[in-house]
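This report goes through one protein model, part by part. Please look at the sequence and the 3D view before reading on.

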Amino acid sequence: MQKSLKVNIYVRKKDKVISYETLSDDEKKALGIRLNRRGLQAAGRVDGYELEFFDPPKKEHDVVKPDEV
């Protein structure tokens, strides 16, 4: 079995570079969402797609069901 790899991640925040580990859980979650979206957009562009992300609807009546389109 291979030894696990230790990676140090740093993030530029405003005017300074800080360790990823010093971010709050909310900041880590927000960063993860942004990075996932960027990755999906890059992968989609390879196949000629343009992806756009929307915030989820706040109420059930804001959701358009496929049979209502």
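Is Lys13 buried, partly exposed or exposed? Lys13 has a relative accessible area of 32%, and because buried means under 20% and exposed means over 50%, Lys13 counts as partly exposed. The model discussed here is a predicted one.

## Overall layout

The protein contains one helix and two strands. Read from the N terminus, the order of these elements is β-β-α.

Of the 69 residues in the protein, 9% are buried. The accessible surface comes to about 7100 Å², and carbon and sulfur atoms supply 53% of that area.

## The hairpin

Strand E1 covers residues 10–13, and strand E2 covers residues 16–19. The two strands pair in the antiparallel sense, with four bridges between them. One of the pairings joins Arg12 to Val17, its bridge partner in E2. Together E1 and E2 make a hairpin with two residues between the strands. Lys14 sits in the turn and has a positive phi of about 60 degrees. As a general point, side chains in a regular strand alternate between the two faces of the sheet.

Ile9 belongs to the segment before E1. Its relative accessible area is 46%, so Ile9 is partly exposed. Leaving aside residues up to four places away in sequence, Ile9 touches Ile18, Ser19 and Tyr20. The C-alpha atoms of Ile9 and Ser19 are 6.1 Å apart, although 10 residues separate the two along the chain.

## The helix

Helix H1 runs over residues 25–46. H1 has 22 residues, and the distance from its first C-alpha to its last is 32 Å. This is close to the 32 Å expected at 1.5 Å a residue.

Which residues of H1 are buried? They are Lys28, Leu31 and Gly44. Strand E1 is part of what covers the buried residues of H1. In general, an α-helix has 3.6 residues a turn, so residues three or four places apart point the same way. Just after H1 comes Gly48, which takes a positive phi of about 85 degrees.

## Salt bridges

How many salt bridges does the structure hold? There are two. In one of them, Lys13 pairs with Glu27, and the closest N and O atoms are 2.5 Å apart. Lys13 lies in strand E1 and Glu27 in helix H1, so this pair ties together parts that are 14 residues apart in sequence. Glu27 is partly exposed, at 28% relative accessibility, and Lys13 is likewise partly exposed, at 32%.

Another salt bridge links the side chains of Lys28 and Glu21, with an N to O distance of 3.8 Å. Lys28 is among the buried residues of H1, whereas Glu21 counts as exposed, at 59% relative accessibility.

## A nonpolar surface patch

Which residues form a nonpolar patch on the surface? The patch is made of Leu40, Tyr49, Leu51 and Phe53. Together these residues have about 380 Å² of accessible area.

Phe53 is found in the segment after helix H1. With a relative accessible area of 31%, Phe53 is partly exposed. A residue joins a patch only if its relative accessible area is over 30%, so Phe53 at 31% passes that cut-off.

Technical notes: Residues numbered from 1 in each chain as written. Predicted model: local features only at pLDDT ≥ 70, side-chain atom pairs only at ≥ 80, totals over all residues. Heavy atoms only, no water. Patch = residues over 30% accessible without salt bridge, like charges linked within 9 Å, V, L, I, M, F, W, Y side chains within 5 Å. Areas by Shrake-Rupley, 256 points an atom, 1.4 Å probe, with all protein chains shown as cover. Salt bridge = Lys/Arg side-chain N within 4 Å of Asp/Glu carboxyl O. Buried < 20%, exposed > 50% of the residue type's maximum accessible area, 1.4 Å probe, protein only. Expected span 1.5 Å × (residues − 1). Contact = heavy atoms within 4.5 Å. Pairing = 2+ DSSP bridges.
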